Amino acid sequence: MPDLFNYGAEMAPGYAGMIAETQFKDAASRRVETAAGIGYGLAATRGTGADQVRLGGTQFVGISVADHAHGDRYDQGDVGAFLRKGAIWVTASTAVTAGQAVTFTAATGVIGNALAVTIPDAVFETSGAAGDLVRVYLG
């Protein structure tokens, strides 16, 4: 019989783009401009239109939130959710340490340590090697 009265302090790790906590969060709905689409758990930047996002810029909008209704990514023209505040799981592109600033590569949106663009008020909440699932907090 399952234990209905005891549970951990946090949810188990999930997958890139999964919301990591049930606390307050803020996500923006934006239309994807990038021709190849945007995968989950990637940093998206401001597109050419006010309601658009893309890979390849430097004005951070949010991290793409997984939505299985769209398969493994948001395709060009899809409206997706992009987390601006809260905790989310991402795949680290480099080794990261809890407490470090979160950065990303503009061309690909991959997230790691000491990359080209810093996300304001964002820190890694967990540590991991390149390729590991880690938690990012956007403040």
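Start with the largest nonpolar core. It has 21 residues, and Ile63, Ile111, Val136 and Leu138 touch the most other members. By nonpolar core I mean buried Ala, Val, Leu, Ile, Met, Phe, Trp, Tyr and Cys residues joined through side-chain atoms within 4.5 Å. Buried is under 20% relative accessible area, exposed is over 50%, and partly exposed is in between, with a 1.4 Å probe and protein chains only.

Which strands supply at least two residues each of this core? They are β5 (60-64), β7 (79-91), β8 (101-104), β10 (117-124) and β11 (133-138). β10 gives the most, with four residues. Strands here are DSSP E runs of at least two residues, numbered from the N terminus.

Apart from this core lies another, of 11 residues, including Ile38, Val53, Val61 and Tyr74.

A word on the source. This is a predicted model, where local features need pLDDT of at least 70, side-chain atom pairs count only at pLDDT 80 or more, and totals for chains, interfaces and linings use all residues. Residues are numbered from 1 along each chain as its sequence is written, and side-chain values use heavy atoms, leaving out hydrogens and water.

Now serine 64, in strand β5. Buried or exposed? Serine 64 counts as buried, because its relative accessibility is 0%. Its side chain reaches the backbone oxygen of glycine 39 at 2.6 Å. Beyond four places in sequence, the partners of serine 64 include Gly17, Tyr40, Tyr74 and Phe82.

Next, the pairing around β3. Strands pair if DSSP finds at least two bridges between them. β3 (residues 43-46) runs antiparallel to β5, with three bridges. β3 also runs antiparallel to β4 (residues 52-54), with two bridges. Threonine 45 has bridge partners on both: phenylalanine 60 in β5, and arginine 54 in β4. β3 and β4 make a hairpin, with five residues between them.

On to the aromatics. There are three aromatic pairs. The rule: ring centres of Phe, Tyr and Trp (its six-membered ring) within 6.5 Å, with planes under 30 degrees apart stacked, over 60 edge-to-face, and the rest tilted. Tyrosine 40 and tyrosine 74 are edge-to-face, 5.2 Å centre to centre and 85° between the planes. Tyrosine 40 sits in the loop between β2 (38-39) and β3, and tyrosine 74 in strand β6 (residues 73-74), so this pair ties together parts 34 residues apart in sequence. Tyrosine 74 also pairs with phenylalanine 82, tilted, at 5.7 Å and 45°. Together, Tyr40, Tyr74 and Phe82 form one aromatic cluster. Phenylalanine 82 is buried, at 0% relative accessible area.

Last, the charges. We count five salt bridges, each a side-chain nitrogen of Lys or Arg within 4 Å of a carboxyl oxygen of Asp or Glu. Glutamate 21 bridges to arginine 135, closest N and O atoms 3.4 Å apart. Glutamate 21 precedes β1 (26-32) and arginine 135 is in β11, so the pair ties together parts 114 residues apart in sequence. Arginine 135 is buried, at 7%, while glutamate 21 is partly exposed, at 21%. Glu21, Glu125 and Arg135 are linked in a salt-bridge network.

Arginine 84 bridges to aspartate 26 at 3.2 Å.

Technical notes
A polar contact is a pair of N or O atoms within 3.5 Å; within protein, one must be able to donate a hydrogen and the other to accept it, and residues adjacent in sequence count only if both atoms are side-chain atoms. Contact means heavy atoms within 4.5 Å.
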